[in-house]
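This report describes selected helices, their packing and a few individual residues. The sequence and the structure are shown below.

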Amino acid sequence: MKRMEDKVCIVTGSGRGIGRTIALKFAKEGGRVVIWDVDINSAEKTSNDCKNLGVDSMWQKVNVTDRKEIQKNVAEIKEKFGRIDILVNNAGITRDALLNQMEEKMWDTVIDVNLKGTFNCTQFVVPVMEEKGQGSIVNIASVVGIYGNMGQTNYAASKAGIIGMTKSWAKEFARNGIRVNAVAPGFIKTPMTEKVPEKVISYMVKRTSLRRMGEVEEVANAVVFLSSDEASFITGHILQVDGGLTL
Ligand code: NAP
């Protein structure tokens, strides 16, 4: 039996990057995968690639900041599949600047997508999980939310907030059979880190014990493990996938 056999899994921001790889890994493990992204072309592509792996999949245009859109699409998933087993809150953005140059808009946008987006999606999905008395939520945090990073006041605050929500929800939803964990990646090769200057990347690589950036598959492996029944006694855990960046 595959680890995700027949489980209905939503992955936010799964058109590309880490989210796309998580979605494909769920599909390889037999899950029914729901792709949420603001970009409809990439969402459709990920969903088709999941179907090509032999599983049922659907995609929906969902901006995690739009509560009405989330509510409507959760209702559609419930109608189609009758349940939601797994939610991965992956959608996230950066708007980096030193504090003295950080515009209010940069703060608001990052908090709105990363922190409030995670709150929004979880708030609408949990009642559906509760109906079946089971579920697993994995939030994508970052090592920056634990240790901080220059030029990322907004991003660090959003990711630290996600860690706080993860632990609070682990306590709050345990009685309903729902586990909540987070994965905190270090520096991973994705379109997001393509924007990071080469000298910053080489500095981070030097500080990483394993002396390289991580691959998206290495984050997806951790997410699938925490989502699966193999992690049935794990909740409220923040799993760092960072090659020893913080040792
Ligand atoms: P990415 O390549 O930029 O992919 C993010 C995806 O989320 C994109 O498909 C993007 O759509 C989508 N998205 C953005 N805003 C959204 C919104 N409001 N609603 C729904 N979808 C939205 O980023 P990534 O590197 O894969 O990062 C994924 C997660 O891992 C993020 O939470 C990030 O903070 C976290 N993380 C990444 C790293 C790293 O090194 N890459 C390290 C630590 C943590 P568009 O293509 O339209 O923008």
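Which residues of α6 are buried? In this predicted model, the buried residues of the helix are Asn154, Tyr155, Ala156, Ser158, Lys159, Ile162, Ile163, Met165, Thr166, Trp169, Ala170 and Phe173. Helix α6 spans residues 153-173, 21 residues in total. From its first C-alpha to its last it reaches 30 Å, close to the 30 Å expected at 1.5 Å a residue. The elements that cover its buried residues include α4, β5 (135-140), α5 (144-147), β6 (178-185), α7 (191-194) and β7 (238-241).

**Helix packing**

Two packed helices are described by the angle between their axes and the distance between the axes. Two such pairs are set out here.

| Helix pair | Angle between axes | Distance between axes |
|---|---|---|
| α4 and α6 | about 15 degrees | 8 Å |
| α1 and α2 | roughly 20 degrees | within 9 Å |

How are α4 and α6 oriented, roughly parallel or roughly antiparallel to each other? Because angles under 35 degrees count as roughly parallel, the angle of about 15 degrees makes α4 and α6 roughly parallel to each other. The crossing in which α4 passes α6 is right-handed. On the α4 side, the contact is made by Met106, Trp107, Val110, Ile111, Asn114, Leu115, Thr118, Phe119, Thr122 and Val126. On the α6 side, Thr153, Asn154, Tyr155, Ala157, Ser158, Lys159, Gly161, Ile162, Met165, Trp169 and Phe173 take part. By class, the residues of this contact of α4 with α6 comprise 13 nonpolar, seven polar and one charged. Residues on both lists, such as Tyr155, Ile162 and Trp169, are buried and belong to the contact with α4.

The other pair joins helix α1 (residues 17-28) and helix α2 (residues 40-51), whose axes cross at roughly 20 degrees. That angle makes α1 roughly parallel to α2, and their crossing is right-handed. Arg20, Ala23, Leu24 and Ala27 of α1 meet Lys45, Thr46, Asp49 and Cys50 of α2. The contact of α1 with α2 contains four nonpolar, one polar and three charged residues.

**Residues around α4**

Helix α4 comprises residues 104-132, and Lys105 lies in it. Is Lys105 buried or exposed? Lys105 counts as exposed because its relative accessibility is 61%, and the cut-off for exposed is over 50%. The C-alpha atom of Lys105 is separated by 9.3 Å from that of Arg95, ten residues apart along the chain.

Thr94 is found in the loop between β4 (86-89) and α4. With a relative accessible area of 13%, Thr94 is buried, since buried means under 20%. Leaving aside its neighbours within four places in sequence, Thr94 is in contact with Val110, Gln152, Tyr155, Met192 and Lys195. Two of these partners, Val110 and Tyr155, also take part in the contact between α4 and α6.

**Residues with positive phi**

Which phi does Asp6 have, positive or negative? Asp6 has a positive phi of about 65 degrees, although it is not a glycine. Asp6 is found in the segment before β1 (8-12) and counts as partly exposed at 47% relative accessibility. Arg211, which is not a glycine either, has a positive phi of about 55 degrees. Arg211 lies in the loop between α8 (198-207) and α9 (216-227); with a relative accessible area of 53%, Arg211 is exposed.

Key:
Residues numbered from 1 in each chain as written. Predicted model: local features only at pLDDT ≥ 70, side-chain atom pairs only at ≥ 80, totals over all residues. Heavy atoms only, no water. Helix = DSSP H or I, 4+ residues; strand = E, 2+ residues; numbered from the N terminus. Buried < 20%, exposed > 50% of the residue type's maximum accessible area, 1.4 Å probe, protein only. Expected span 1.5 Å × (residues − 1). Contact = heavy atoms within 4.5 Å. Axes fitted to C-alpha atoms, helices over the stretch in contact; angles between N-to-C directions. Parallel < 35°, antiparallel > 145°, perpendicular 65-115°, else oblique. Left-handed = near helix turned anticlockwise from the far one by under 90°. Nonpolar A, V, L, I, M, F, W, Y, C, P; charged D, E, K, R; others polar.
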